[in-house]
Amino acid sequence: MNINGYCPHCKANLDGKLILDTFLDDGVPMDRALEYASHYSGWEQHGKLNRYSRAIGIYDFDKDRTIAYQCPDCEEEF
Ligand SMILES: [Zn+2]
(Lines give C-alpha, C1' and ligand atoms only; values in the text may rest on other atoms or scores of the structure.)
Protein backbone atom coordinates (compact mmCIF):
# COMPACT_ATOMS: atom_id res chain seq x y z
CA MET A 1 0.00 0.00 0.00
CA ASN A 2 1.27 3.46 -0.92
CA ILE A 3 0.23 6.41 1.22
CA ASN A 4 2.35 9.33 0.10
CA GLY A 5 2.36 8.78 -3.64
CA TYR A 6 5.21 8.78 -6.12
CA CYS A 7 7.56 11.44 -7.48
CA PRO A 8 6.02 12.83 -10.71
CA HIS A 9 9.51 13.07 -12.20
CA CYS A 10 11.40 9.87 -11.35
CA LYS A 11 8.46 7.83 -9.94
CA ALA A 12 10.29 7.20 -6.65
CA ASN A 13 8.08 5.84 -3.89
CA LEU A 14 7.66 8.70 -1.42
CA ASP A 15 6.55 6.53 1.49
CA GLY A 16 8.93 6.76 4.42
CA LYS A 17 9.11 4.99 7.73
CA LEU A 18 6.04 3.88 9.68
CA ILE A 19 5.25 6.67 12.11
CA LEU A 20 4.42 4.14 14.81
CA ASP A 21 7.82 2.48 14.39
CA THR A 22 9.72 5.69 15.07
CA PHE A 23 8.32 5.69 18.60
CA LEU A 24 8.64 1.95 19.16
CA ASP A 25 12.24 2.07 17.97
CA ASP A 26 12.89 4.73 20.61
CA GLY A 27 11.61 2.35 23.29
CA VAL A 28 8.22 3.99 23.75
CA PRO A 29 5.67 1.43 25.02
CA MET A 30 2.98 0.44 22.48
CA ASP A 31 0.09 2.19 24.22
CA ARG A 32 1.92 5.51 24.32
CA ALA A 33 3.34 5.05 20.83
CA LEU A 34 -0.21 4.59 19.52
CA GLU A 35 -1.28 7.77 21.26
CA TYR A 36 1.63 9.80 19.88
CA ALA A 37 1.16 8.41 16.37
CA SER A 38 -2.55 9.29 16.48
CA HIS A 39 -1.66 13.00 16.47
CA TYR A 40 -0.13 12.81 12.98
CA SER A 41 -2.19 13.68 9.93
CA GLY A 42 -3.27 10.60 8.03
CA TRP A 43 -3.96 8.58 11.18
CA GLU A 44 -7.71 8.52 10.62
CA GLN A 45 -7.31 7.05 7.14
CA HIS A 46 -4.29 4.80 7.70
CA GLY A 47 -3.98 4.11 11.42
CA LYS A 48 -1.00 1.94 12.32
CA LEU A 49 0.05 1.82 8.66
CA ASN A 50 0.45 5.61 8.49
CA ARG A 51 3.87 6.61 7.16
CA TYR A 52 6.04 9.64 6.94
CA SER A 53 6.48 11.16 3.51
CA ARG A 54 10.01 11.24 2.06
CA ALA A 55 9.13 14.40 0.10
CA ILE A 56 10.91 17.48 1.42
CA GLY A 57 8.59 20.42 2.03
CA ILE A 58 9.80 23.74 0.63
CA TYR A 59 8.57 26.43 2.96
CA ASP A 60 8.07 30.08 2.02
CA PHE A 61 8.44 32.24 5.12
CA ASP A 62 6.84 35.27 3.46
CA LYS A 63 3.76 33.30 2.43
CA ASP A 64 3.94 31.26 5.67
CA ARG A 65 3.15 28.02 3.93
CA THR A 66 4.68 25.11 2.07
CA ILE A 67 4.85 26.13 -1.58
CA ALA A 68 6.32 22.98 -3.13
CA TYR A 69 7.87 19.62 -2.41
CA GLN A 70 11.21 18.22 -3.45
CA CYS A 71 11.95 14.61 -4.27
CA PRO A 72 14.77 13.20 -2.10
CA ASP A 73 15.99 11.03 -4.99
CA CYS A 74 16.03 13.21 -8.10
CA GLU A 75 15.77 16.57 -6.26
CA GLU A 76 13.12 17.85 -8.67
CA GLU A 77 10.36 20.02 -7.23
CA PHE A 78 6.67 19.40 -7.67
ZN1 LIG B 1 12.10 12.14 -8.06
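Figure 1. Not counting residues up to four places away in sequence, Leu20 touches Ala33, Leu34, Ala37 and Lys48. Two residues are in contact if their C-beta atoms, placed from the backbone, lie within 7 Å. The model is predicted: local features need pLDDT of at least 70, side-chain atom pairs count only at pLDDT 80 or more, and totals for chains, interfaces and linings use all residues. Residues are numbered from 1 along each chain as its sequence is written. Leu20 belongs to helix H1, residues 19–25. Helices (H or I, at least four residues) and strands (E, at least two) are DSSP runs, numbered from the N terminus. Leu20 counts as buried because it has 22 C-beta neighbours inside 10 Å. The cut-offs are as follows: a residue is buried if 20 or more other C-beta atoms lie within 10 Å of its own, exposed if 12 or fewer, and partly exposed in between, with C-beta atoms placed from the backbone. Between the C-alpha atoms of Leu20 and Glu76 there are 29 Å, and the two residues are 56 residues apart along the chain.

**Figure 2. The whole protein, for orientation.** The secondary structure consists of three helices and four strands. Their order along the sequence is β-α-α-α-β-β-β. The C-alpha trace spans about 40 × 30 × 25 Å along its principal axes. Of the 78 residues in the protein, 13% are buried. Among contacts between residues at least 6 apart in sequence, 44% join residues at least 24 apart.

Figure 3. Which residues make up the largest nonpolar core? The core has five residues in all: Cys7, Leu14, Ala55, Tyr69 and Cys71. A nonpolar core is a set of buried Ala, Val, Leu, Ile, Met, Phe, Trp, Tyr and Cys residues joined through C-beta atoms within 7 Å. In soluble globular proteins, nonpolar side chains tend to be buried together. With neighbours within four places in sequence left aside, the contacts of Leu14 are Asn4, Gly5, Tyr6, Cys7, Ser53, Arg54 and Ala55.

Figure 4. E3 and strand E4 (residues 65–70) run antiparallel and are joined by five bridges. Two strands pair if DSSP finds at least two bridges between them. Tyr59 has Thr66 in E4 as its bridge partner. Four residues lie between the strands of this hairpin, in which Asp64 takes a positive phi near 60°.

**Figure 5. Ile67 in strand E4.** Ile67 is part of strand E4. Is Ile67 buried or exposed? Ile67 is exposed, because 11 other C-beta atoms lie within 10 Å. Leaving aside neighbours within four places in sequence, Ile67 is in contact with Ile58 and Asp60. From Ile67 to Asp25 the distance in space is 32 Å, C-alpha to C-alpha, and the two are 42 residues apart in sequence.

**Figure 6. Cys10 and its contacts.** Cys10 is located in the segment before E1. Not counting residues up to four places away in sequence, Cys10 touches Cys71, Asp73 and Cys74. Cys10 counts as exposed because it has 11 C-beta neighbours inside 10 Å. Cys10 and Glu75 are 65 residues apart along the chain, and their C-alpha atoms are separated by 9.5 Å.

Figure 7. Lys11 is not a glycine, yet it has a positive phi of about 65°. The residue sits in the segment before strand E1 (15–18). Why does Lys11 count as exposed? Lys11 counts as exposed because it has 11 C-beta neighbours inside 10 Å. Glu75, also a residue other than glycine, has a positive phi near 65°. Glu75 is placed in the segment after E4. Glu75 counts as exposed, with 11 C-beta neighbours inside 10 Å.
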